[in-house]
Structures are given as C-alpha cells and as structure tokens.
Amino acid sequence: MSQTRITLHTYFRSSCSARLRIALALKNLSYTPIFVNLLKGEQHAPTNTALNPSGTVPTLIVENDQSTTGPVTITQSLAALEYLEEISPADSPSLLPPASDPEARAVVRTLAEIISCDVQPVTNLRILKRVAPFGVDRTAWSKELIGEGLRAYETIVARTAGVFSVGDRITMADVCLIPAVWGAQRSEVDITAFPTIARIAQRLELEDAVKKGHWRTQGDTPEEFRLA
C-alpha cells in the first residue's frame, strides 16, 4: 500500500498558508509543518528559495512511495488547493461543487481569485514595503483596496450564498475567504459593511478545520497572540 507524506512550509499569519492549513484539516490530511518566519526574512534563505523561487510561503510538498518522478512541489496556494482536490479520496470533502455543475464551480473559482488577486496582495509584507518609499500611508492604502475586493466578493455571494459562499458546503471560496477576513480585521476593515461575508465568516469560525488552520493556533504563533 502506497504511503503519502505531506509537508507544508508555512507562516502563522500568512493568509495563503492558512488556506492550505484549513483545506488539509477539512480533508483530514495530516502534514508536517515547516515554519518560515517572514518577519525574520527566512523566506529569502537558500533553503526556502531552493523550493520556492518566489521566496514566499506556502510551499506544499507531496511525496508518494510509489512515485517514479519524486516529490510534487507546489508554490502557489490556489494551484495547491486544486492539486489536493485531485489527489484526495472520492469520499473526502470536496472543495468544489460537483462536475455536473460547471457554473457553480466557475463561481467558486471566481470568488477564490477575487481574494487571491484583489484582496490578499495588498496585505502582503513585500508589497507594503514597496509602497512605503512613495510616502503612502500603508494602512490606509491597504484598507481601501481590501474593502474594494471584499465589496466585489459581497456582490457575488449575495446571490450565491447559502450557509457558505456557494450553497451550503464549504468550498475553495470559503477556504480563501476566512483568512482574508482575518487580514481585513487586522487592517481595521469594518466587516459588518459586508453583511453576507460577515455572516459566512461567523459560521466558518465554528468549523473545526478553520480552528485548526487559524493563525492564532499554530505552532509558530507567538504566545501573546495565542488563543486561550
């Protein structure tokens, strides 16, 4: 019987890493975390860039005893989510609606891309450092752009939401949304301005997989931030 080993290079406050932590917990896939401290610049160390040329996190590594090509290394979170979906057992919770509903699958992917392309980048430490020399108020700049991205997400989920973003099951959209909400809250964005998102996020916080992936419950979370 083949054995699969999963390693995740992660940082407790990385929203992209949190997407994978939540998805792995949701699918009940055990993994070994390798902590990369972004504030200390460990993402730029040769040990990390050899795996992840972008010098970022997360990096997902999947090894299978029967593979003839060696470990699979994925350095982009949405690609990693899709890969986990493809290799998971059929009875594993799916991150996408059924293949018989391509329209709903497209909506899920659209929502995930809104978070990935429009919301998350402006919370990225590397991006915030780049805008600072231009005299920009980083907090205000980030807050405004996060709000614009969440407004687009809200407009769509107001039509598609059930319990979660698309219907009543957690999807890839939700796995991306809740870390973005955590980031938005740190940037002092008023989440109540987006009532559907606020309701979905409140419900997601009750899920065991979200609790396991939460930035305040990780092995590298500083003591002052840990949940009691």
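This is a predicted model: local features need pLDDT of at least 70, side-chain atom pairs count only at pLDDT 80 or more; totals for chains, interfaces and linings use all residues.

Visitor: How many disulfides does a search of the whole structure find?
Guide: A disulfide needs two cysteine sulfur atoms within 2.5 Å. For Cys117 the closest cysteine sulfur, in Cys176, is 10 Å away, which is too far for a bond. Cys176 has the sulfur of Cys16 as its nearest, 8.2 Å away, and is in no disulfide. Over the whole structure, the number of disulfides found is zero.

Visitor: What area is buried between domain 1 and domain 2?
Guide: The domain assignment gives domain 1 as 4-94 and domain 2 as 102-212, and their C-alpha centres lie 21 Å apart. The contact takes 17 residues from domain 1 and 20 residues from domain 2. Carbon and sulfur atoms give 66% of the buried area, which is about 1,700 Å².

Visitor: Which residues of domain 1 lose the most area to domain 2?
Guide: Together, these residues account for 34% of what the domain 1 side buries. They are Arg19, Ile22 and Leu78.

Visitor: Which residue forms a salt bridge with Glu82?
Guide: The rule finds one salt bridge across the interface of domain 1 and domain 2. A salt bridge requires the side-chain nitrogen and the carboxyl oxygen to be within 4 Å. For Glu82 the closest N and O atoms are 2.9 Å apart, and the partner is Arg109.

Visitor: Which element gives the largest share of the side of domain 1 that touches domain 2?
Guide: Helix 1 (15-26) and helix 3 (77-87) are the elements that give two or more residues to that side. The largest share is eight residues, and it comes from helix 1.

Visitor: What is the phi of Asn28?
Guide: Most residues other than glycine have a negative phi. Asn28 is exposed, with a relative accessible area of 67%, and sits in the loop between helix 1 and strand 2 (32-35). Although Asn28 is not a glycine, its phi is positive, at about 55°.

Key
Residues are numbered from 1 along each chain as its sequence is written. Side-chain values use heavy atoms; hydrogens and water are left out. Domain bounds come from an automatic or database domain assignment. Contact means heavy atoms within 4.5 Å. Buried area is the accessible area (1.4 Å probe) that two parts lose on being put together, summed over both. Helices (H or I, at least four residues) and strands (E, at least two) are DSSP runs, numbered from the N terminus. Buried means under 20% relative accessible area, exposed over 50%, partly exposed in between (1.4 Å probe, protein chains only).
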